[in-house]
Amino acid sequence: MASSDAPSWEFKERDVLVLRELSRDPQLSSRDLARILDEKYDIDVSHVTVSESIRGMREEGVFREAIIPNEEYFHFALFEFKFNPENFDEQWRPAMEFIRDSPNTLFYFLSDGEYQWKSVMMFSTREAQSQWIHDFYKEHGDVVHNLRNSVVTNVLKFRTDPEILESLHDADD
């Protein structure tokens, strides 16, 4: 997300607690959340208020909703793309869009240091992964200087811990 697209949201303690509880269990209803806020945090709020808060945060882009299948169904890989500077000006955008728009791309980003584009990819089979690389090189080989493919053999953690969200609310102390 570009900095100009950053959400403008004034977090209340309740908002952060709602996000934390949703990260523990995304299926919680607003009624369940209102009950948890009351029982666990001594915050008395209606389920309607909780629902409005969630809707507001969703509309503002505070969090993203994505369907991510269980990691046992797919083969994951980290792709690192280095581009040929000679052809970069004319061909970078179609190559970038090919990666970004691929249904196999889970997460796509730039990293500092040695300037590279990276993506976490998911494939139903290793053969599908090889075919994707073949198709990418066939379509965009002139702009690709190097594509490093690291197979992810074991996914050991695949979730957001609720505790990381604590930093979103500055205490009013």
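A residue counts as partly exposed when its relative accessible area falls between the buried limit, under 20%, and the exposed limit, over 50%. In this predicted model, Asp161 has a relative accessible area of 22% and is therefore partly exposed. The side chain of Asp161 forms a salt bridge with that of Lys157, with an N to O distance of 2.4 Å.

## Salt bridges of helix H1

The structure contains 13 salt bridges. One of them joins Arg20 and Glu166, whose closest N and O atoms are 3.4 Å apart. Arg20 belongs to helix H1, whereas Glu166 belongs to the segment after strand S4 (144–152), so this pair ties together parts that are 146 residues apart in sequence. Arg20 is buried, at a relative accessible area of 12%, while Glu166 is partly exposed, at 43%.

A salt bridge also connects Glu21 and Lys40, and here the closest N and O atoms are 3.2 Å apart. Because Glu21 lies in helix H1 and Lys40 in helix H2, the pair ties together parts that are 19 residues apart in sequence. Glu21 is buried, with a relative accessible area of 5%; Lys40 is partly exposed, with a value of 48%. Both residues take part in a network of salt bridges that links Glu21, Arg24, Lys40 and Glu163.

In soluble globular proteins, nonpolar side chains tend to be buried together. In this model, the largest nonpolar core comprises 19 residues, and those with the most contacts inside it are Val18, Leu19, Leu33, Leu37, Val50, Ile54 and Met57. At least two residues of this core come from each of helix H1 (13–24), helix H2 (30–41) and helix H3 (47–60). H1 provides the largest share, 5 residues.

Once neighbours within four places in sequence are set aside, Leu37 is in contact with Arg14, Leu17, Val18, Asp42, Ile43, Val45 and Val50. Another core lies apart from the largest one; it has 16 residues, including Ala95, Met96, Trp117 and Phe123.

## Surroundings of His140

His140 is part of helix H5, which spans residues 126–140. With a relative accessible area of 7%, His140 is buried. Leaving aside neighbours within four places in sequence, the contacts of His140 are Pro94, Ala95 and Phe98.

Conventions:
Residues numbered from 1 in each chain as written. Predicted model: local features only at pLDDT ≥ 70, side-chain atom pairs only at ≥ 80, totals over all residues. Heavy atoms only, no water. Helix = DSSP H or I, 4+ residues; strand = E, 2+ residues; numbered from the N terminus. Buried < 20%, exposed > 50% of the residue type's maximum accessible area, 1.4 Å probe, protein only. Contact = heavy atoms within 4.5 Å. Core = buried A, V, L, I, M, F, W, Y, C linked by side-chain atoms within 4.5 Å. Salt bridge = Lys/Arg side-chain N within 4 Å of Asp/Glu carboxyl O.
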